[in-house]
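Please work through the following exercises with the sequence and the model open beside you. Each task is followed by a solution in steps.

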Amino acid sequence: MEAAPGSLMKVDTAVLKYGNPGPISDLLVRRAYVAGYDRRLRHPAWTAEHLTLASLGKSALEPRNTDEAGDRSNSQFTEDTSIPAMFRAKLQDYFRSGYDRGHMVPAADAKMSQAAMDETFLLTNIAPQVGAGFNRHYWAYVEDWCRRLTSAFADVYVFTIPLYLPKLDTDGKWRVCHEVIGNPPNISVPTHFAKVVLASRPSSPSRPDVPEISTGAFVLPNAVIPDEAKLESFVVPVEAVERAAGLTLFSDAVKANSKHICKTAKCEVIVRRFDDALKRPETRKAITGPK
């Protein structure tokens, strides 16, 4: 008897008597974030975090004990032994790959403790990213922009999603082409990365229980991005990210009743070449990276 399209059907589990092939989604719950790990691509399928002034240690009402704060100089990239060895990203895979070990949840978002920061250095939170011009520059300041949203919103939720997007070839056909690093080749290199944000604050002082919600999605190529590129040039509909990633980020009701983040906040990234300047002793104290 055939089931109607879209209906649920009881599965004869005897078919899976000797094993269920999956796919298995490893849900990783950390101190500062939650992530879904993709065993095939060997990097996160997505990461999610909740930022507030308090979580970033910037709240005057909830000051942080600086003795307990995380220091990235004390953290090291580490293989995640909670993932079976066959599907685990390895440190050796990144060696001389030409790519940075790019944090999906930035270390700067997890300063509440050393343990929380250390968890951002697990390779299950890492994907290969172009270094100069992207991970160390433009992308780092997109991350900083997400943190700065907490000055205008009570709650900021950030999703970071590696993507594999098709490109139109000269023969008129669309293809998805990407590099794979490691020996043997293990870790896929995303063609793009998405940042999707949902920011919430009271709609008015008289109605603090009614939230004003703003959402926005940005898709950036895993490539060198000019410093002067406008953040708004990377805006896409949230649905476009959901469709490309096979994920449901927000309900239809949330999407229908939210404002665009660029209408309620300034969508601006200013890239300062702090890392280049730090190489010059005379500017070392004058220029700092995003906090």
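**Exercise 1.** Is Arg42 buried or exposed?

*Solution.* This is a predicted model, in which local features need pLDDT of at least 70 and side-chain atom pairs count only at pLDDT 80 or more, while totals for chains, interfaces and linings use all residues. Residues are numbered from 1 along each chain as its sequence is written, and side-chain values use heavy atoms, with hydrogens and water left out. As for the scale, buried means under 20% relative accessible area, exposed over 50%, and partly exposed in between, with a 1.4 Å probe and protein chains only. Arg42 has a relative accessible area of 13% and is therefore buried.

**Exercise 2.** Which residues form salt bridges with Arg175?

*Solution.* Opposite charges on side chains can pair when the charged atoms come close. The criterion for a salt bridge is a side-chain nitrogen of Lys or Arg within 4 Å of a carboxyl oxygen of Asp or Glu, and a search of the whole structure finds 15 of them. One partner of Arg175 is Asp169, with the closest N and O atoms 2.8 Å apart; another is Asp171, at 3.0 Å from N to O. Arg175 is partly exposed at 33%, as is Asp169 at 28% relative accessibility, and Asp171, at 46%, also counts as partly exposed.

A further pair is Lys266 with Glu268, whose closest N and O atoms are 3.3 Å apart. Here Lys266 counts as exposed at 62% relative accessibility, whereas Glu268 is partly exposed at 32%. Elsewhere, salt bridges that share partners join Asp109, Asp144, Arg147 and Arg148 into one network.

**Exercise 3.** Which residues touch the most other members of the largest nonpolar core?

*Solution.* A nonpolar core is a set of buried Ala, Val, Leu, Ile, Met, Phe, Trp, Tyr and Cys residues joined through side-chain atoms within 4.5 Å. The largest one has 49 residues, of which Tyr138, Trp145, Phe218, Leu220, Leu231, Ile261 and Val269 touch the most other members. Among the elements that each supply at least two residues of this core are E2, helix H4 (138–148) and strand E12 (207–221), and H4 gives the most, with seven residues. A second, separate core of 13 residues includes Ile161, Ala194, Ala217 and Phe250.

Conventions
Helices (H or I, at least four residues) and strands (E, at least two) are DSSP runs, numbered from the N terminus.
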